[in-house]
Amino acid sequence: MSKKRNQRLMTPEILRQAVIGSFTKLDPRYMVKNPVMFVVESGCAVTLLLSVFPGIFGDAATGQLRAYNIIVCAVLFVTVLFANFAESVAEGRGKAQAASLKRTQKDTVAHLLAPDGSTRDVHSSQLKKGDLVLVSAGEIIPGDGEVVEGIASVDESAITGESAPVVRESGGDFCSVTGGTTVVSDWLKISITSDPGSSFLDRMIALVEGASRKKTPNEVALNTLLVSLTIIFLIVIVTLYPIGIYAGVRLQISTLVALAVCLIPTTIGGLLSAIGIAGMDRVTRFNVIAMSGKAVEACGDVDTMILDKTGTITYGNRLAADFFPVGGAETEELIRCAALTSLHDDTPEGKSTLELARRLGCSSTEPAGSIFVPFTAQTRMSGVDFPDGTRVRKGAAEAIEQYVRSQGGSVPADLRETVEKVSGLGGTPLTVCQDARILGVIYLKDTVKAGMAQRFERLRAIGIKTIMCTGDNPLTAATIAKEAGVDGFIAECKPEDKISVIKKEQAQGKIVAMTGDGTNDAPALAQANVGLAMNSGTTAAKEAANMVDLDSDPTKILEVVEIGKQLLITRGSLTTFSIANDIAKYFAIIPAMFMLAIPRLGVLNIMGLATPYSAILSALIFNALIIPCLIPLAVKGVRYRPMSSGRLLLRNMMIFGVGGVVTPFIGIKLIDLVIHPLLAVLGL
């Protein structure tokens with residue numbers, strides 16, 4: 001599975017499963033879970049009875065009435081099938097994804113370590129939490145766990161879709177491994193952290209299959225609203241029968257059933273489950289495991305986002321940003337010597353120094369016979385010795401000062417000022433010297449990731465506040481925060497400080513999201529409404545969070561929030577469209593029901609529908625057809641655009657509110673033009 005891998009909306013296999021699911025879901029015991037569509041199915045059963053016995057409720061049992069009842073019954077049956085089809089399509093996409101994931105689950109042989117250090121081979125399905133296993137190069141990791149000894153490259157493409165191996169080692173925040181991945185080099189001793197059937201892969205499979213999906217609070221609330229509207233309309237329709245008799249109009253039961261189905265919110269009722277399933281599907285397709293639908297939905301309501309600086313906002317590696325000469329040295333000379341000391345320096349600092357020097361036009365190369373002097377913790381510097389005896393060094397200011405004095409040189413008066421200037425900018429100063437002369441300082445900067453300022457601006461546009469947490473001093477933190485464009489920062493941040501800021505925001509009624517990977521992040525991840533843990537992080541972090549990112553990309557919290565908002569926007573948009581639909585269908589059916597007995601109601605027939613029968617059936621057919629037409633939108637989601645809630649509401653009302661009123665007027669009229677001649681043949 002990969003976020004780069006897009007699945008088509010419909011494949012032959014998904015279509016086949018969706019068609020089968022449409023019929024298997026007709027079981028009333030299943031349909032009752034969706035009260036709106038259960039009413040439609042009940043109406044279908046009533047009209048089926050009327051198709052066989054058209055006079056059972058006192059109506060004149062004519063051939064025309066029987067034909068009319070049969071048509072109404074058929075349309076209602078198709079409406080229920082279409083609603084089931086929408087849900088089955090969303091489930092089918094998840095099941096196809098689950099099948100792909102299941103293929104990565106292999107009952108591999110695990111080398112189980114005994115207390116005495118010996119090993120014995122067992123099947124991975126026999127492993128339980130706490131077991132120690134040894135995995136060597138070329139072998140598959142048999143289960144989720146934490147590295148307790150060793151360091152190795154691990155190919156996680158079976159889970160994440162990324163081909164580049166990652167390093168996993170004992171200790172720190174990169175000790176977690178996932179079952180089904182492959183050790184590429186060296187070996188690892190792993191402590192299993194999950195029992196059979198409860199690994200992250202097992203949980204993801206259950207999630208995408210829908211086995212663990214529960215209705216979210218917002219979904220429950222909307223479902224309650226739809227049930228309330230349905231009950232209100234049913235009461236209104238039941239009272240129409242005696243009112244009609246009083247007005248001298250005998251309303252047919254099948255017509256009342258058709259009216260009920262058209263006026264209750266069948267469109268959103270038929271698509272609501274599909275929207276929720278598809279929202280979960282979009283998250284898992286993004287390589288994120290959500291522990292519940294509630295977590296995905298909470299993402300859409302996030303008001304405040306807590307972000308670690310290192311690895312999330314910045315790259316974490318301090319890279320060369322500038323050169324500052326001291327003591328009257330020429331800038332070109334400083335750049336040349338800095339480049340020469342970095343030719344064989346494979347650290348991020350060394351590589352970035354050489355890259356910056358090359359960008360500034362330095363093309364110096366070392367003479368043949370030069371000797372590279374590597375960095376050590378004792379000397380705190382590195383450099384190169386040339387055949388002519390010249391020595392060039394770069395390193396910590398104190399180490400270079402001591403080295404120069406030992407060579408009989410002096411420290412420039414402006415060196416300390418320059419070093420403090422770089423430190424004040426939030427950077428790390430590296431001092432460069434040639435023999436006994438100090439040339440200047442390299443400014444190493446913890447670089448903000450490209451595009452972060454634009455992404456934070458996008459979040460700001462939708463009302464989300466961003467707070468950066470860092471262990472840096474306040475001056476450094478302020479510099480990074482300003483460059484990144486976050487709304488606030490916490491300097492010299494400790495784990496308890498993160499919890500404090502989360503509680504403070506929540507006390508103001510805000511929904512808070514944060515990301516983390518270490519054990520020290522676990523309390524804050526548990527406290528946050530949305531906690532996204534890195535799969536490479538510790539077990540404590542993953543157990544505390546309610547979402548886990550298999551790609552271990554801390555910045556993904558930004559996209560996950562947008563996916564959550566897309567879910568809420570899709571549900572709201574289609575609800576608006578569905579309710580607006582009912583207005584147009586009202587103008588199609590109500591005049592048709594009473595027009596013959598009360599001719600003055602003909603003024604309400606603004607669509608100019610041909611006959612009462614064609615008006616009712618046209619509205620009913622449109623009501624059925626609109627559900628499959630909206631399936632692509634329900635599954636893929638309404639396109640998300642960052643904007644304020646006010647503008648979003650206005651846009652929603654203009655597109656889906658107005659569109660929901662206009663579309664039925666056009667659709668019902670076109671259907672009426674098609675079916676009126678056919679109904680005339682049947683005498684309707």
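Modeller: First, a definition. Axes are lines fitted to C-alpha atoms, for helices over the stretch in contact, and angles run from 0 to 180 degrees between N-to-C directions. This is a predicted model: local features need pLDDT of at least 70, side-chain atom pairs pLDDT 80 or more, while totals for chains, interfaces and linings use all residues. Residues are numbered from 1 along each chain, and side-chain values use heavy atoms, without hydrogens and water.

Biologist: What makes helix 7 roughly antiparallel to helix 9?

Modeller: The axes of helix 7 (residues 217-246) and helix 9 (residues 266-285) cross at roughly 160 degrees and come within 11 Å. Angles over 145 degrees count as roughly antiparallel, so helix 7 is roughly antiparallel to helix 9.

Biologist: Which residues of helix 7 and helix 9 meet?

Modeller: E219, L222, N223 and L226 in helix 7 meet I268, G269, L272 and S273 in helix 9. Contact means heavy atoms within 4.5 Å. These residues divide into four nonpolar, three polar and one charged.

Biologist: Why is the pair of F23 and F77 called tilted?

Modeller: Rings pair if their centres lie within 6.5 Å; planes under 30 degrees apart count as stacked, over 60 as edge-to-face and the rest as tilted. The centres of F23 and F77 are 6.5 Å apart and their planes are at 55 degrees, so the pair is tilted.

Biologist: Why is F23 called partly exposed?

Modeller: Buried means under 20% relative accessible area, exposed over 50%, partly exposed in between (1.4 Å probe, protein chains only). F23 has 44%, so F23 counts as partly exposed. F77, at 34%, also counts as partly exposed.

Notes
Helix = DSSP H or I, 4+ residues; strand = E, 2+ residues; numbered from the N terminus. Parallel < 35°, antiparallel > 145°, perpendicular 65-115°, else oblique. Nonpolar A, V, L, I, M, F, W, Y, C, P; charged D, E, K, R; others polar. Phe/Tyr/Trp six-rings, centres within 6.5 Å; stacked < 30°, edge-to-face > 60°.
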